[in-house]
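Take a walk through this model, from a sheet to the helices on it and then to the cores. Keep the sequence at hand.

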Amino acid sequence: MKYKLPTQYKKRQCCIDVPIFITSMPYSKSYLIRVMGMMALEGSISSLREWSPGLKGCDDVALMQQAVLSLLDGESNSIFVGASGAVWRFMIAIASLKTNRPIHFETSGRLAQRPILPLINQLNKWGARIHWHKSDKGIEVTVFPAEKTLSGGVLDSEIDRDTSQFRSAIMLIAPYLSESLTLSQPTETLSGSYLALTQALMCKAGGIIKERSNGLIIQPSSYSAATLRQMLLCPERDWSAASYLFGWVAQEKGPTTLLLEGYKCGDLQGDKRIAYDFFQLGVVTIFGEDGILLQRNRELSIASKLQFQLDECPDLAPAYLAALLGQHKQFTLSGLARLAHKESDRFESLVGLAAAFGYKVTHDSDSLSFEGQWSAPKGPIHIDPIGDHRIAMAATILTVATERETIILEPEVVSKSFLSFYTIARQVGFTT
């Protein structure tokens, strides 16, 4: 499929640009996957059976919804989790407590090659019965009913080495363990904003968490069915999805003013930092009753070289990279080491994305840098996202910046996190 941007946007003439009002921004998948996981543990899922997000949903949220319903309502001995790392890891932890039959997890893409064994080993240590073996796909996992309630105790501080989702999954199930769970501070703070989101949502749903100077204690308790229902019906919008629209606005040839419905200053997602970071790229974010207004301000003084540490919010890396390249800003993005374990080897995919549009970036094992070397590409740009939704979406920012026709192979991969992405892209001026 081809995507290109007209040279000029059609705008109404007045003293300021009339914003394009975007109403179909997706709900936060990080938020909803955690809420649905807590609903599975609490056991009241009648509202989940009836819930439908429409265009504000995405593949990962649909997979989690179906996985929870299959676990609690179904009789099948397999649950399909697609390519979603969060659904796979959270559901393995939940099933270790809740299943009444053997459950085999069916995966797609490169998911079975991504880290999972530290989570399995920790759960089995507490009494879970999780079997795994290697196949041509990677790690195959089957969860059997536990003989008694998992014990809990002390969580290994090294469990975050590969992904914070291991710790988040264990935190979610902790209120239903037989004893309190003690968590020391992680040895690394990578993706810490997602751990903070997990903690905040658990507390909101009725979990009892006591903070200590060296970590947390999560006590046996239960989640509130009524509160979880309300959280399901009124979720936050997705800030990492919004990052690509921030990237469009940051470009000289992009839309100058967008109004994104549903975003709030009090949202819990750590990716909300983009509202502050992109001020350095000339994008002003104004919080209002209806959502956020994004405006490009050419009069802002922007530093000649920018640095961003993204270990707390690694999902923002593709939008940051593309937006900065599009402005020809010298920059360094660091805290990127774990990107190798995403839907693609996202670290290498970002280097390839930059090269496809003529930008030369340098890198080490944890960072990407750009010193201004660029040669204008000739002809259409061909982008193979290798199954990675964020690479496909980041490519559109560089389409805006370079005004080059872009041919995206597998354009449908964006539905993993952003079902309405191309609908919104056409709304702001992209053509197919």
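Two strands count as paired if DSSP finds at least two bridges between them. The model shown is predicted. With that criterion, turn to strands S5 and S6. S6 covers residues 139-144, and six bridges join S5 to S6. The two run antiparallel. Within this pair, Trp132 stands opposite Val141 in S6.

Now widen the view to the sheet. It is open and has four strands, in the order S3-S4-S6-S5. Its pairing is mixed. In general, strands of a sheet pair through backbone hydrogen bonds, either parallel or antiparallel. Which strands stand at the edges? They are S3 (78-82) and S5 (129-134). Each has a single partner strand, so one side of each is left without a neighbour in the sheet. From one strand to the next, the twist averages 25°.

Helices come next. Helix H3, residues 59-73, packs on the sheet. It touches S3 and strand S4 (103-107). The direction of H3 makes about 170° with that of S3. Helix H5, residues 117-125, lies across S5 and S6. H5 runs at about 150° to S5.

Finally, the cores. The largest nonpolar core has 70 residues. Which of its members touch the most others? They are Met38, Met64, Met91, Ile92, Phe105, Leu123 and Leu181. Take Leu181. Leaving aside residues up to four places away in sequence, Leu181 touches Trp126, Gly153, Leu155, Ile170, Ala174, Leu216, Ile217 and Ile218. A second core is separate and has 67 residues, including Leu325, Phe357, Leu368 and Ile391.

Note on methods. Residues are numbered from 1 along each chain as its sequence is written. This is a predicted model: local features need pLDDT of at least 70, side-chain atom pairs count only at pLDDT 80 or more; totals for chains, interfaces and linings use all residues. Side-chain values use heavy atoms; hydrogens and water are left out. A nonpolar core is a set of buried Ala, Val, Leu, Ile, Met, Phe, Trp, Tyr and Cys residues joined through side-chain atoms within 4.5 Å. Buried means under 20% relative accessible area, exposed over 50%, partly exposed in between (1.4 Å probe, protein chains only). Contact means heavy atoms within 4.5 Å. Axes are lines fitted to C-alpha atoms, for helices over the stretch in contact, and angles run from 0 to 180 degrees between N-to-C directions.
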